[in-house]
Amino acid sequence: MSTLANLATRIATGEIRVVDLTHTLDPDFPVIILPPEFGQCARFRMEEISAYDHRGPAWKWHNISMSEHTGTHFDAPAHWISGRDLPRAAVDEIDPANFIGPVCVIDCSDGAAEDEDFELTVPLIEGWEAAHGRIPAGAWVLMRTDWSKRRGAEYLNMREDGPHSPGPTPEAIRFLIEQRDIRGFGVETVGTDAGQGNHYIPPYPAHYYLHGAGRFGLQCLSDLDQLPPTGAVLIAAPLKIKNGTGSPLRVLALVEET
Amino acid sequence: MTHPLSPPPKKDPQKRSVSPTRPPEVRSRAALHLTAAAAEGRFALQRCADCGKVQYPPRDACSACLSTDLPWQDMAPGGTLIAETTVQTSPRLYFRERMPWRAGTVQLDAGPTVLAHIHGDVARHARVRVTARLDQAGQGVLVALPETDTPNMKDDPLMRALSADPKHRRVLITDARSAQALALARALQKAGAAIIFAGEPESWRPYPQRAELEALGVQILPMDVTDTASVKKLAGEIGGKTDILINTARFLRPGGVLDRGDTGFARDELEVNYLGLMRLAQAFGPGMCARASDGVNAAAAWVNLLSVGALSNARPFGAYSASQAGAYSLSQSLRAEFRPSGLRVMNVFFGPTEEDDWYQPLPPPRVTASALARSVVDGLQRGLEDVWCGDIAQDLRDRFRRDPKVLEREMTLGGEGA
């Protein structure tokens, strides 16, 4: 049996589990909030075109609208000023082979439960590697915080001094890119950067370094607690939007049952 | 003396809701000036520019000198009730359902004798104050009130029919986050509103006045006027007990066409200010229209808060003004569409506000939320259609009426150049 036929069979038999890491596109799902004088990220919206009625007797359909960065979404290098001049930096230009790859999951859920501003640091990554092995080149690295289980105001966790949510330090994200050559970095929070990430130098280091190095981001992921630390394969293909800087998408993981 | 109005009993679920009926609507074009004045709470009659005679009813020519120069002027309200009758039966459904009905003639101090509805507290042959009100057909009628206020006089069935008094009514404030929501809730509560609901968009984003609204007892329920499903959902839940709807949802940013350079904020302005109103009306309008004669807490009014920039574009809020003009035009369509039910549409116009951050760089005067709330409640109690809150709104209204083109030219000055 060929590898692909084998894969298909094992998915069908349940030996390989398909895990959905995607939030439902819901008009009430939080989006990132910027100072009000800046342009804002559009919320997901859905308007009925017809519903088996006088507007279309035998069919129901909707017009939908949203930002490239609404809901569970992919960030392309073109999203950030550091990646603006890179080749193939928009979602429609990225080699599709990048959309399927191995994934390492660093469990920060205990730390995030204790400290809403929890930081992923280089020592933490090295500690994870001591237990699970070195992060392979070309891997997705996902920061599990169980933040996707939060609802309502708890999710953005917005206060007068801005949002509070976990994220990587500038050193950690540079380590992952420069020392481990990762494909991209994904989180359960609304941004790859910590809620207070604009107070690092540089501001928003995950965005700045990842996209400056042509790497990708995945945000608003869900259910990362369903993934093993290593061994899963991530499928994350953004919509092919011309010159798109990102895209809502369905993120799936293939997990081998042991 | 008027009996104080009791809170209405809970509705008998086995009884059909009363379909709205209306008093006669047809008027001559000349008589519509009386309605236009009543729509903003003024009592005006024609005074002949040539011979000075004040005449009633309104005509196309002076009944004394046949002049056609008949400007409308605000009248002193004083008069004497000279004759009256209590109508016991009528071919008109609206009056049949409200019998007996008191009507009479008043000799105005200003000259003419007028036909008026008579408040229950007016004694025979007494001195009265004549005021012009809009009836359920949206037409101006004259009402003789006691010369001085009497206890509970607003509770008289006649006054309830000629107003949209919040007392014992259930009010929906559509956006709890609005800078005016808290002041409105306070004013409505003071005016005796039975329940105050407030729609809350984006509950995942905290805002300081939420705690204060909750402390007042406001029922905060999820609704975002840009999300059709959420508007339909709330209408499904409370549409049948929304007697007054006050649309506080507003998206405001400075900028015109060239200084913005994109359509992002304009789209938000239209989504909230124009399409938001349309979504609310499509979801809540039919139910409110159906309940426009439903007893003490019948659905009574739809209130739009509009920037006076709706009349003539006001820089530096050019694009926002355009969205307000759209909302104003839509409110006129709503008036026409609600008219058969008797549900009122009240537009409250105002200039820059104190509490909306975006007006911070503008010099005073600015309209405070509490002043706006007072205007809203006063307008509802008097059954108005057009309310002009604050000096800027009143000034722009007057200049607009004098000459819209002159106003436009003043509002679009280029500034002195080389």
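1. Helix 6 (residues 205–212) of chain A lies across strand 4 (73–75), strand 11 (184–187) and strand 12 (216–219) of chain A, and its direction makes about 150° with that of strand 11 of chain A. Helices (H or I, at least four residues) and strands (E, at least two) are DSSP runs, numbered from the N terminus, and two residues are in contact if their C-beta atoms, placed from the backbone, lie within 7 Å. The model is predicted, with local features needing pLDDT of at least 70 and side-chain atom pairs counting only at pLDDT 80 or more, whereas totals for chains, interfaces and linings use all residues. Residues are numbered from 1 along each chain as its sequence is written, with chains lettered from A and ligands numbered from 1 in the order in which they are written.

2. The strands that helix 6 of chain A lies across, strand 4, strand 11 and strand 12, belong to an open sheet of 9 strands in chain A, whose order is 1-15-13-5-7-11-12-4-14 and whose pairing is mixed. Strand 1 (16–20) and strand 14 (246–248) of chain A stand at the edges with a single partner strand each, so one side of each is left without a neighbour in the sheet. On average, neighbouring strands of this sheet are turned by 25° against each other, direction ignored. Strand 1 of chain A pairs with strand 15 (residues 251–256) of chain A in the antiparallel sense over 5 bridges, and Ile16(A) has Glu256(A) in strand 15 of chain A as its bridge partner; two strands pair if DSSP finds at least two bridges between them.

3. Helix 6 of chain A also packs with helix 5 (residues 170–179) of chain A, at an angle of about 20° and with the axes 9 Å apart; axes are lines fitted to C-alpha atoms, for helices over the stretch in contact, and angles run from 0 to 180 degrees between N-to-C directions. That angle makes helix 5 of chain A roughly parallel to helix 6 of chain A, on a scale where angles under 35 degrees count as roughly parallel, over 145 as roughly antiparallel, 65 to 115 as roughly perpendicular and the rest as oblique. Helix 5 of chain A contributes Pro170(A), Ile173(A), Arg174(A) and Ile177(A) to the contact, and helix 6 of chain A contributes Pro205(A), Ala206(A), Tyr209(A) and Leu210(A). These residues divide into 7 nonpolar, no polar and 1 charged, where Ala, Val, Leu, Ile, Met, Phe, Trp, Tyr, Cys and Pro count as nonpolar, Asp, Glu, Lys and Arg as charged, and the others, Gly among them, as polar.

4. In the contact between the chains, 10 residues come from chain B and 11 residues from chain A. Helix 6 (residues 228–238) of chain B gives the most to the side of chain B that touches chain A, with 3 residues, and that side of chain B has 3 nonpolar, 5 polar and 2 charged residues.

5. Chain B is assigned domain 1 (32–161) and domain 2 (170–411), with bounds that come from an automatic or database domain assignment. The centres of domain 1 and domain 2 of chain B, taken over C-alpha atoms, are separated by 31 Å, and their contact takes 9 residues from domain 1 of chain B and 8 residues from domain 2 of chain B.

6. Chain B has an open sheet of 7 strands in the order 11-10-9-12-13-14-15, with parallel pairing. Its edge strands are strand 11 (219–222) and strand 15 (386–389) of chain B, each of which pairs on one side only. Strand 9 (residues 170–173) and strand 10 (residues 195–200) of chain B run parallel and are joined by 4 bridges, with Val171(B) opposite Ile196(B) in strand 10 of chain B. Helix 4 (residues 181–190) of chain B packs on the sheet, where it touches strand 9, strand 10 and strand 12 (244–247) of chain B.

7. Helix 7 (residues 264–290) and helix 8 (residues 318–338) of chain B pack at an angle of about 15°, with their axes 9 Å apart, and are therefore roughly parallel to each other. The residues of their contact divide into 14 nonpolar, 5 polar and 1 charged.

8. Strand 5 (residues 101–108) and strand 6 (residues 113–118) of chain B pair in the antiparallel sense over 5 bridges, with Gly104(B) opposite Ala116(B) in strand 6 of chain B. Their hairpin has 4 residues between the strands, and Gly111(B) takes a positive phi near 135° in this hairpin.
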